[in-house]
Amino acid sequence: MHDTPPSFELLPGAAESPVILHVPHAARAIPAGVRAGIVLDDAALERELDHITDAYTDRIAEAAAGLAGLTPWRFVNRLSRLVVDPERFPDEREEMLAVGMGAVYTRTTHREVLRPADTDPEPLIGRYFRPYAEAMTKAVADRLAATGRAVIVDVHSYPGAALPYELHGEGPRPPVCLGTDPFHTPPELTELARAAFARCGGTGLDSPFNGAYVPMEFYGEDTRVGALMVEIRRDTYMTEPGGPAGPGLDRPAGALAALVDGLGG
């Protein structure tokens, strides 16, 4: 791994599609310069990547885009969330700071040391977090300009059993968890998702993970930007942790395509 891989990629969809499938946590790549600041040995780092990576969610989004009647746009993070997590607040608003998992993680999924506690997050935030946020903001603005609305569908996965880092791991763990935002997730979006993902064995709302990603420029300000987080339980489509995908991968891809179709693109 070298120090300047592409950090993210915007894959164009149909000009008239308002939908952006956002895939922030599918990659395992860590630039060498970033790897140097992580204290885990190589074997421990691979184990952590098995637990923290939303494996194959990029494949699910790609397959859904191919199945959809109107091709959605895809914004895909090409670096591991152990570099920076583009969905965290980069400041004290982030509740995951309590377990060392703000925008720059200092602890692992098992609450062990990942980076020294006194690590300055700013170099990584400047190099990776801010350019990502700016590009995602532009992608949303472009959908608004082209179609008058934008819908961000976050494509995630989560483990069948709670990991120690989870702040709300004691709640239900349905086959598909739908994360909602009180401002950006209208009831009709939730209902479309419930219907689309019914084929995956059932859905639940906001447990064990809640909320939905919206760039800060629009967050809580612009009702034309809709957002929904889709969390697919990993044991429904792959061998945990970090094992191969199984035939179950087709089901969430088809469900995601149905949701995209229901959103008009």
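I started with the fold and counted six helices and seven strands in the protein (DSSP runs, numbered from the N terminus: H or I of at least four residues for helices, E of at least two for strands). Along the sequence I read β-β-α-α-α-β-α-β-β-α-β-β-α.

Notes on the source: this is a predicted model, where local features need pLDDT of at least 70, side-chain atom pairs count only at pLDDT 80 or more, and totals for chains, interfaces and linings use all residues. Residues are numbered from 1 along each chain as its sequence is written, and side-chain values use heavy atoms, with hydrogens and water left out.

Next I checked size. The C-alpha atoms fill a box of roughly 45 × 35 × 30 Å along the principal axes.

Then burial: 54% of the 265 residues are buried (under 20% relative accessible area, 1.4 Å probe, protein chains only).

I then looked at strand 3, residues 73–77. Five of its five residues are buried, so strand 3 is largely enclosed by the rest of the structure. W73, F75 and N77 point one way, R74 and V76 the other.

Last, I looked up its neighbours (strands pair if DSSP finds at least two bridges between them). Strand 1, residues 8–11, pairs antiparallel with strand 3 over four bridges, and F8 has N77 as its bridge partner. Strand 2, residues 19–23, runs parallel to strand 3, also with four bridges; there H22 stands opposite F75.

How values were computed
Buried means under 20% relative accessible area, exposed over 50%, partly exposed in between (1.4 Å probe, protein chains only).
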